[in-house]
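Take a look at the protein below. This report walks through its confidence, one of its helices, its core and a charged pair.

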Amino acid sequence: MIDDKLKQLFIDIKLDCLELILAKDVSISDLSYQLGISNKDFYNRMKSTEQDFSFYLKMYYILLKWR
């Protein structure tokens, strides 16, 4: 049960990140820089099926503060 809730939370945060990127017209280069990774690493992490919760939480925090 907890596992299902964590999976859903991960999916929700990932989707929120994508929506914030679009809504705030965020440059991937700028976002990658803020995350401390290259553009290539950013795209690879976004494509990955691995659930890197810390990556998405950090991105979510940055995007919420994005102006």
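## Confidence

What pLDDT does the protein average, and what share of the residues score at least 70? This is a predicted model. Its average pLDDT is 94, and 100% of the residues score at least 70.

The mean is lowest in α1, at 93. It is highest in α2, at 97.

## Helix α4

Start with helix α4, which covers residues 53-65. The helix has 13 residues. From first C-alpha to last, α4 reaches 19 Å, close to the 18 Å expected at 1.5 Å a residue.

Which residues of α4 are buried? They are F55, Y56, M59, I62 and L63. Seen down the axis of α4, these buried residues fall within an arc of 125 degrees, so they line one face of the helix. An α-helix has 3.6 residues a turn, so residues three or four places apart point the same way.

Now turn to the other side of α4. There, S54, Y61 and K65 are exposed. What covers the buried residues of α4? The cover includes α1 (2-23), α2 (28-35) and α3 (39-47).

## The nonpolar core

The largest nonpolar core has 17 residues. Which of them touch the most other members? The answer is L31, F42 and M59. Each of α1, α2, α3 and α4 supplies at least two residues of this core.

Look at L31 in detail. Set aside its neighbours within four places in sequence. L31 is then in contact with I21, V26, F42, M59, I62, L63 and W66.

## A salt bridge

How many salt bridges are counted? The count comes to one. The side chains of D52 and R45 meet in it, at 3.9 Å from N to O. Side chains of opposite charge can pair when their charged atoms come close.

Are these two residues buried or partly exposed? D52 is partly exposed, with a relative accessible area of 27%. R45 is partly exposed as well, at 35%.

## A look at L9

Where is L9 found? L9 is in helix α1. At 40% relative accessibility, L9 counts as partly exposed.

Compare sequence and space for L9 and S48. In sequence, the two are 39 residues apart. In space, they are 17 Å apart, C-alpha to C-alpha.

Conventions: Residues are numbered from 1 along each chain as its sequence is written. This is a predicted model: local features need pLDDT of at least 70, side-chain atom pairs count only at pLDDT 80 or more; totals for chains, interfaces and linings use all residues. Side-chain values use heavy atoms; hydrogens and water are left out. Helices (H or I, at least four residues) and strands (E, at least two) are DSSP runs, numbered from the N terminus. The expected span of a helix is 1.5 Å times one less than its number of residues. Buried means under 20% relative accessible area, exposed over 50%, partly exposed in between (1.4 Å probe, protein chains only). The arc is that of the directions from the helix axis to the C-beta atoms. Contact means heavy atoms within 4.5 Å. pLDDT is the predictor's confidence in each residue, from 0 to 100. A salt bridge is a side-chain nitrogen of Lys or Arg within 4 Å of a carboxyl oxygen of Asp or Glu. A nonpolar core is a set of buried Ala, Val, Leu, Ile, Met, Phe, Trp, Tyr and Cys residues joined through side-chain atoms within 4.5 Å.
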